[in-house]
Amino acid sequence: MTDTRVPTTAIGDDVEPRRRPGAGAIPYLSAAPDVSAASLPPRLTRQTSAASNRWMPGSDHPADAPELLDWTVVAGLRSRASAQLTAAVSSDRGELSREEREELGRAIVLDLIEQTMAEDSTAGRPAWSFPRQRATATAVFDALFRLGRLQPLVDDDRVENIMVTGHDQVRLELTDGTKVPGPPVAGSDEELIEFLSFLGSRAQHGARGFSEAQPSLHLQLDGGARLAATAWVVPRPFIVIRRHRLLDISLDDLVVSGTLSPVAASFLAAAVAARKSIVVSGAQGAGKTTLVRALCAQIPASEEIGTFETERELHLDQLAGREQNVHSWEARPGAGERAADGSQAGEFTLDDALHDSFRFNLSRQIVGEVRGKEIWTMLKAMESGTGSISTTHASDAVAAIRKLVTCAMEAGRHVTHDLATSKLAAAVDVIVHLDLEDYTDTDGTPRRRRRVAEIVAVTPGEVVTGYAATHVFAPGPDGAAVPHTLPDEYRALARHGFDLAGYLAQAEQIGRRGVT
């Protein structure tokens, strides 16, 4: 007789099987194994092959052995498990916790695999090996509660960014800046879109639609990664997953990595201590969020901080010693038709969050990214001298000023260009611009370099522009920020730890004035 038992290692570590009440002679896996994100699937150890420059799979995750998996079977089991789980949860009078849902889902997955193996045995098909059972169980669990075939990539510490253009065109950017091809993440584009819709429907902080009517999806993932996806308005579904590896990071760490010089780091640390309002600008992937985390690490842990993001990425509230003093707001998309003011039912914007936060006795407000009219509310916060920090996309520091003026004008017709400019010049003190450079190494490997290129002091100024932008640090010969011109009032930052002597010495060495 064919052995169709589920192995005790189907999900999680080895445990002794027990019998499920009412079950026949088939052993049933107890709920003891830990299938938390930290243990299921295990961390991968992957390597790149210098010869082929392709992504080489490790051996400690069942999905690394594709011959063990029939992804059509996995998709079918995930669909059946999802339906059973939904029915079971809806019939439960009490609300299940996430852990309880995963416990129930684990049991459903194992039951379905037992049924499928029994059906195969009856039909005379080959018996499932234990490795195949384990691989299938893990793959279905990942599809049900995690990221499916994307999960092994997200779990790998060497992967920084995942870019998917269609189900079979996957590019991985590694932590050392190299880019290599990755494995397919679905059987077809249609399957990939269906799975993304499923992900949106079970989003942790409220369901998010993904359909022809809502062709964009933005999600915060377990572990701090961020997923952005779009379909229907592009030739093939397009996904970018950004992993944030450096949550607990300091300016000193960025000095070690070559992102900025010690003198520039001392200037920024002193600016935070002096409660200067700072905007970090740069291209996508330039490291703006990482720099903001490093700047926030300079804020005394006793201060009450509010973070405001469309999808949580900063995660300052998860850092040791910050849990009680950092309060995280996240925007929420609406649904249905838009009202006369353009809002949707249930929508909660960054502008709403910032407006509400004025009543929460915050010391500083940190905005993950300024994209639109929320900058007008942010300027109100900056005018009160709170030492706020925010980011925006721009090609250089001065372009960031123009970008923010345009965003402020989106607040309404009452915000004219001159008004927005004058408010911005009065409220924003410093703009830090990060440069992202793609280059090819001597061995032909594509790499990326991130570094602070400009630090600009902003003050009200010229009638024509409405502001004056002074390059305290300007790009040097290699593009990295070096001392340029120091406004006299910024000498006072020496009281907060700014290495004024080092700044002036470097400025003199490169033949710059170092003072206005």
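Is Glu 437 buried, partly exposed or exposed, and what is its relative accessibility? Glu 437 comes out at 26%, so it counts as partly exposed. Hi everyone, and please keep in mind that this is a predicted model.

Let's stay with Glu 437 for a moment. Its side chain meets that of Arg 451 in a salt bridge, at 3.2 Å from N to O. Glu 437 belongs to strand S16 (residues 430-440) and Arg 451 to strand S17, so this pair ties together parts that are 14 residues apart in sequence.

S16 and S17 have another link for us. Asp 438 and Arg 448 also join their side chains in a salt bridge, here at 2.8 Å, N to O. With Asp 438 in S16 and Arg 448 in S17, the parts tied together are 10 residues apart in sequence. Asp 438 is partly exposed, because its relative accessible area is 47%. Salt bridges with shared partners bring Asp 438 and Arg 448 into one network with Glu 160, Glu 173, Lys 179 and Arg 450.

Now to another pair from that network. Glu 160 and Arg 450 form a salt bridge whose closest N and O atoms are 3.0 Å apart. Glu 160 sits in strand S3 (residues 159-165) and Arg 450 in strand S17 (residues 446-460), so here the parts tied together are 290 residues apart in sequence. Glu 160 is buried at 10% relative accessibility, while Arg 450, at 24%, is partly exposed. In total, the structure holds 20 salt bridges.

Next, a hairpin. Strands S4 (residues 170-174) and S5 (residues 179-182) pair in the antiparallel sense, over four bridges. Leu 172 stands opposite Val 180 in S5. Four residues lie between the two strands, and Gly 177 in this hairpin has a positive phi near 95°.

On to the helices, beginning with H11. This helix covers residues 397-409, and at 1.5 Å a residue its 13 residues should span 18 Å; the end C-alpha atoms are 19 Å apart, which agrees. At the start of H11, a side-chain oxygen of Asp 396 comes to within 3.1 Å of the backbone nitrogen of Val 398. The buried residues of H11 include Ile 401, Leu 404, Val 405 and Cys 407.

Last stop: Ser 357, in helix H9 (residues 350-357). With 1% relative accessibility, Ser 357 counts as buried. Setting aside neighbours within four places in sequence, Ser 357 is in contact with Phe 308, Trp 329, Leu 362 and Gln 365.

Terms used:
Residues are numbered from 1 along each chain as its sequence is written. This is a predicted model: local features need pLDDT of at least 70, side-chain atom pairs count only at pLDDT 80 or more; totals for chains, interfaces and linings use all residues. Side-chain values use heavy atoms; hydrogens and water are left out. Buried means under 20% relative accessible area, exposed over 50%, partly exposed in between (1.4 Å probe, protein chains only). Contact means heavy atoms within 4.5 Å. The expected span of a helix is 1.5 Å times one less than its number of residues. A polar contact is a pair of N or O atoms within 3.5 Å; within protein, one must be able to donate a hydrogen and the other to accept it, and residues adjacent in sequence count only if both atoms are side-chain atoms. Two strands pair if DSSP finds at least two bridges between them. A salt bridge is a side-chain nitrogen of Lys or Arg within 4 Å of a carboxyl oxygen of Asp or Glu.
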